[in-house]
Every structure is written in structure tokens, then in C-alpha cells.
Amino acid sequence: MKKKIFTSIGLMSGTSMDGVDLSVIKSDGNDQFSSIYNTYKEFDDRLYDQLIGLRDKISNSTDLDSYCEEIKDVEKKFTLFNGQLINEVIKEINENIDLIGFHGQTVFHNPKIQISKQLGDGKLLSSLFKKIVINNFRQNDLDHGGQGAPLTPIFHNLISKILQKNYKLRLPINIINIGGITNITQIKVDLNNSINLFAYDVGPGNCLIDDWVRNNVNLKFDKDGSYANLGKVDDLILNQAIDNFEIKSYETSLDVKDFDTSFVKGLSFEDGCATLTKFSAYLISDGLKKINKKNNINPNQYIFCGGGRKNKFLMQSIENYLGNKKEMINNIDDYNFDGNFIESQAFAYLAIRSYLKLPISFPSTTRCEKVISGGVIQKNF
């Protein structure tokens, strides 16, 4: 029997908190996939400041109660912002939307106490568009002993199938997303010719660099790594930071609050950018090496997506630390995917899988107890 092809919107606002990525895809939630439309809308300064300020205030679960009124206020504004973007896109494209995957904006994530708070009112969004909205993707995973992240590996697995078919790429493949945090999906074939999927958070991505830029100049990020390229890495501070910092386990998910920029506070702005970028590149590369060793994988390709792939200083530093041949390290853009929208496409895909009650979490990706679906279906019309 032919499977239904859904038209799904995916909305993603990452830890950089700069705006919302929106993707429209068609998929059956399994192997069929086509990209229809991608766009990005930057937050206005007021909403940006409110989101950053709110996240900075929330350090523990008690703060979620203490700031509940502010959370409700910012959540409504954030949801309406997403609604405006959806409205603009629906006017632009001639498609009947079946589902909306609404990731929301993470302001607190602590898998040890099974809480991950994403701003975003799925019921409100559903009532505005008279569409089924799927949100709160992480909680079911947390409730079943998982880390709540990363959730994109099942979509990365689909991408790997497309890459194998269209570009004759051979497994194993590492797909690395550099957002605020960096995560890796490893896809390999076992001796029984079955696909094995592994995923981990491996280190910071843009979070340290973005934080340094925000707190020193009137910018949100170091575009293309240009300020890092102007600066000089302080090797003494860098090596001390490397010696003093250790990611004790890659079995647990990471949060932007696991890292801070205090060790470069005496440096100039440009030298701070350079040193923080090199530090981030070291942790990413070290994590990739350790994960390869852990799973006995010698990847044929490192394929990068996410905003960090555009930071030339960061990518060159990662390449140097990995010591791999240049042809092994590629942007996903080289394979007819837009690397800016992999996560928004992923949540459009996860929305379909959630609606169909298909798995989105696996013991080898989030450390959950068993293969499970997730997401909360909102139908408020």
C-alpha cells in the first residue's frame, strides 16, 4: 500500500537565539523526502533581548516557577513571531500544509532531572492556523531515561541514504551539526548489513564565540570567523583551558551553560574570538576522535551542517586538529542540501514521524531505555 506523503512545516530556533528557521518538506516519514521551501526570519531586537535575558535568568528548575509569568509573556510573543513567519510562507507557496513541527526555543535543559523547557505554545499556534501542531519533542525521551538530545539522527539517517544513492558515498559517514552545541551522527553498516546509528553531543559549537561577541560588541556572532581571523590565538591561555576542561562523558547531552568565556576575559576582542574559536575547534575535534575510537569507526566522510560550518577560522582549525585529508571534510551544501536548514527540515520530518507514532529516539542516540516516538500532538480547532 502506498504511504501518504505529508506536507510539513518545521520551525527551529537554536541556542544562538538569533531567529527562526522554517522549512517546508514533503515526506512519508520514512524514505521519501523532498525540500519545498526554506526561509529564515531574524528576531527583532526587543524579542532577542527578552529571550537571551530569560535564558540567562534560568539556572535551575526553581527558576522556571519563579519566572513563570515572564516565561508566559515571552512565550506568547515568541509563538506569535513564529505565527507571523508561517503566515508569510503560506502566502508565498501554493501548498496545503498537513502538519507543523514546532521545536520552540530552549531556555533550560537538564536531563538529570528530566526537564527540558522549550518556549512555544503549540495550542495557540494550532488555533491560529487550524493545523495540527507537534511540539514538546524532548519530554517523552527524558521520561524514558534519555538525554532529550540529539533528536536529528533519524533525519541524518535519511540524508545518508540520499547521499549513498545520489553521490555513491560509502558508509560509515559522520554528519556533524555545529549549532550552539556540536553534535555528531554516525551511520555505519554492521556485519549483518544492518544500519547502525549512533549520536552524541561532542562539545560547544558557536555558543562560546556568540557569547563573547554579544558581550563585547553590538553584534550577535562572528560572521565567517572574520574577527577570529584578525586576532591572535593566545597559546598559553588556550593550552591551560584545554588542560583544565574535560568532557567527562559523551553519553550525556550538553547545554550552553556547561561552558563559559571567563578564561579569555583579559584578551582583546579579536584575540578572544581567535582563542575561543580555537578552543571550540579543539573540543569538537577531540570529541570526534574519541567517538570514532569508541565505536571503532573510520569514517569515509565528515559532513558538516549548521551555522558553524560557515565560520572559516573554526572549520580550518577543526580540519587541522583532525589531520584528515581535505577531501574527507565537506559541507552538506556540496550535496544539494542547504546546511542552514537541516534542523528545521529535521523537525518537519520528526513531526510526521511523531504523528504516525514512528520512533524518533533510540538507545544509541539519546540513551533512552527503548526505541520510542515522541512529541505532543496539538489539535486546537
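Me: What volume does the largest pocket have, and what makes a space a pocket or a cavity?
Reply: The largest pocket has a volume of about 1100 Å³, a volume being the space filled by probe spheres set on grid points that are joined across faces, edges and corners. On a 1 Å grid over the protein atoms alone, a pocket is an open set of points with protein on both sides within 12 Å along at least five of seven lines, whereas a cavity is a set where a 1.4 Å probe fits but cannot get out, and lining residues have an atom within 4 Å of a point. This is a predicted model, in which local features need pLDDT of at least 70 and side-chain atom pairs count only at pLDDT 80 or more, while totals for chains, interfaces and linings use all residues. Residues are numbered from 1 along each chain as its sequence is written, and side-chain values use heavy atoms, with hydrogens and water left out.

Me: Which residues lie nearest the centre of the largest pocket, and which element gives the largest share of its lining?
Reply: Of the 46 lining residues, S16, G179, G180, N206 and G307 lie nearest the centre. Elements that give two or more residues to this lining include β1 (6-13), β2 (19-27), α7 (207-216) and α12 (342-355), helices (H or I, at least four residues) and strands (E, at least two) being DSSP runs numbered from the N terminus. The largest share, four residues, comes from β4. By class the lining of the largest pocket has 13 nonpolar, 21 polar and 12 charged residues, where Ala, Val, Leu, Ile, Met, Phe, Trp, Tyr, Cys and Pro count as nonpolar, Asp, Glu, Lys and Arg as charged, and the others, Gly among them, as polar.

Me: What volume does the second largest pocket have, and how many cavities of 30 Å³ or more are there?
Reply: The second largest pocket has a volume of about 460 Å³, and among its 20 lining residues the closest to the centre are K112, T252, S253, L254 and D258. The structure holds one cavity of 30 Å³ or more, and about 40 Å³ of space lies in the largest cavity. T15, R55, T106, V107, F108, H109, D255, V256 and K257 line the largest cavity, with strand β4 (residues 99-110) giving the most, four residues.

Me: How many aromatic pairs are there, and what makes the pair of F6 and Y355 edge-to-face or stacked?
Reply: There are 14 aromatic pairs. The ring centres of F6 and Y355 are 5.8 Å apart and their planes are at 75°, so the pair is edge-to-face; rings of Phe, Tyr and Trp (its six-membered ring) pair if their centres lie within 6.5 Å, and planes under 30 degrees apart count as stacked, over 60 as edge-to-face and the rest as tilted. The pair links distant parts of the chain, F6 in strand β1 and Y355 in helix α12, 349 residues apart.

Me: How do you know whether F6 is buried or exposed?
Reply: F6 has 5% relative accessibility and therefore counts as buried, the term for under 20% relative accessible area, with exposed over 50% and partly exposed in between (1.4 Å probe, protein chains only). Y355, at 33%, counts as partly exposed.

Me: Why is the pair of F245 and F259 called tilted?
Reply: The ring centres of F245 and F259 are 5.5 Å apart and the planes are at 35°, so the pair is tilted. Both F245 and F259 lie in the loop between α9 (235-244) and α10 (269-294), so the pair ties together parts 14 residues apart in sequence. F245 is partly exposed at 27%, whereas F259 is buried at 10%.

Me: What makes the contact of E42 and K220 a salt bridge, and where does the charged end of K220 sit?
Reply: E42 and K220 meet at 2.9 Å, N to O, and a salt bridge is a side-chain nitrogen of Lys or Arg within 4 Å of a carboxyl oxygen of Asp or Glu, so the term applies. E42 is partly exposed at 45%, while K220, at 16%, counts as buried. The charged end of K220 sits over the ring of Y48, 4.3 Å from its centre, the cut-offs being NZ of Lys or CZ of Arg within 6 Å of the ring centre and within 35 degrees of the ring normal.

Me: Which network do E251 and R367 belong to?
Reply: The side chains of E251 and R367 meet in a salt bridge (3.4 Å, N to O), and salt bridges that share partners join E251, K294 and R367 into one network.
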